[in-house]
Amino acid sequence: MSIESLRAQIDATDERILELLNERASLAVAIGHAKRAAHTAANKEGAEKLLRDPERERAVLDRLSALAKGQFPQHAVRAVFREVMSGCLSLEQPLHVAFLGPEGTFTQMAARYLFGLSAQYREAATIEGVFDAVRTGDAALGVVAIENSTEGSVTLTADLLIEGNVVVREELVLLIEHALLARDSVPFSSVQRVYSHPQALAQCRGWLTKNLPGAQLVQTASTTAAARQALLDTAGAAVASPLAAELHGLTILRERIQDRTENATRFVVLGKEDAPRTGRDRTSLAFSVKDERGALRRVLSAFEEEGVNLSRLESRPSQQKPWDYVFLVDLEGHRTDDNVQRALENLRSACDMVKVLGSYARRDPIRLTSIP
Ligand SMILES: O=C(O)C(=O)C[C@]1(C(=O)O)C=C[C@@H](O)C=C1
């Protein structure tokens, strides 16, 4: 069959796909009306309910990924239907998402992976700015990093979660690969300065010491800022995502330079409400113990007695008074689970403060292979 004839068949097939997309969009709009009516009936006043349903979106993507046994690549099914649903949701209700900028950061990539290109993004210069946007309603959701597998917690995110009335709605764990990027004309041997965010430099400290011992390490506000600096410096290079090379027109001098192969950053989606129970959940919690002997042991016993597994426990200065500490905990389970509720009740007797920061579905780490 000739190319022209095959292309004619592709054109006809594309038109059928377009018809089906329009049919799907009409159904989504109808669902949007139905959800609004149901919410209005249930809540006579209050802010408009967020119509996005992440659990439904994930069920759609999981079902279609499982069905994708044909010619079309399975990884592309998710990307295609991510955008189909992003577009359908935009017809129901604009979705405003704040993220820690600037453009090209892993946080922006995490946001685009979750919400697609039809969401309306608000770039914030600081983590506080993301929290403020959600708190004021300027954005329905926000995306910030909460911890890295090499560097530990992003302490400001933790502090702001403890302080504010914003909760964790979702999580996304990205496997972060760092590369060494430079302008086209810069050979590896002439690199004298390496630019990047302190966390990225720390995650590649061993490699940099071994491979560029004489280079000056220059801290920047973000890996995107580092890429921009590398573009201006004929003896400079940036530690950033390989995907940033594509964004900024840089050359990859070395790939996978992070010290730990499984270097991952956990991002959280911030919102006014946390997630419904799915049966595979995580709950983030903050508490401060009374200044009594054995108080912390009583707290840990409260979880153990109810069979609640803790996946993270760390202490933070309380920001209230010197030498006063808050504990941050991630536990397996939803705050509405009976055993979690009993554990929370029991630990309250040993605590001055207990604050649930959100219950949300646990997600396995993913590796982005292209810019969402
Ligand atoms: O099923 C819904 O609740 C819809 O609004 C439809 C739809 C979709 O396109 O499949 C769109 C947005 C939601 O976040 C979830 C799914």
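Five strands make an open sheet, ordered β8-β7-β9-β6-β10, with mixed pairing. Strands here are DSSP runs of E with at least two residues, helices are runs of H or I with at least four, and both are numbered from the N terminus. Two strands pair if DSSP finds at least two bridges between them. The model is predicted: local features need pLDDT of at least 70, side-chain atom pairs count only at pLDDT 80 or more, and totals for chains, interfaces and linings use all residues. Residues are numbered from 1 along each chain as its sequence is written, and side-chain values use heavy atoms, leaving out hydrogens and water.

β7 (residues 193-196) runs parallel to its partner β9 (residues 236-240), over three bridges. Arg 193 has Gly 236 of β9 as its bridge partner. Helix α9 (residues 223-232) packs on this sheet and touches β6 (179-182), β7 and β9. Contact means heavy atoms within 4.5 Å. The direction of α9 makes about 160° with that of β9; axes are lines fitted to C-alpha atoms, for helices over the stretch in contact, and angles run from 0 to 180 degrees between N-to-C directions.

Next, the cysteines. The structure has zero disulfides (cysteine sulfur pairs within 2.5 Å). Cys 204 is buried, at 0% relative accessible area. Cys 351 is buried too, at 7%. Buried means under 20% relative accessible area, exposed over 50%, partly exposed in between (1.4 Å probe, protein chains only).
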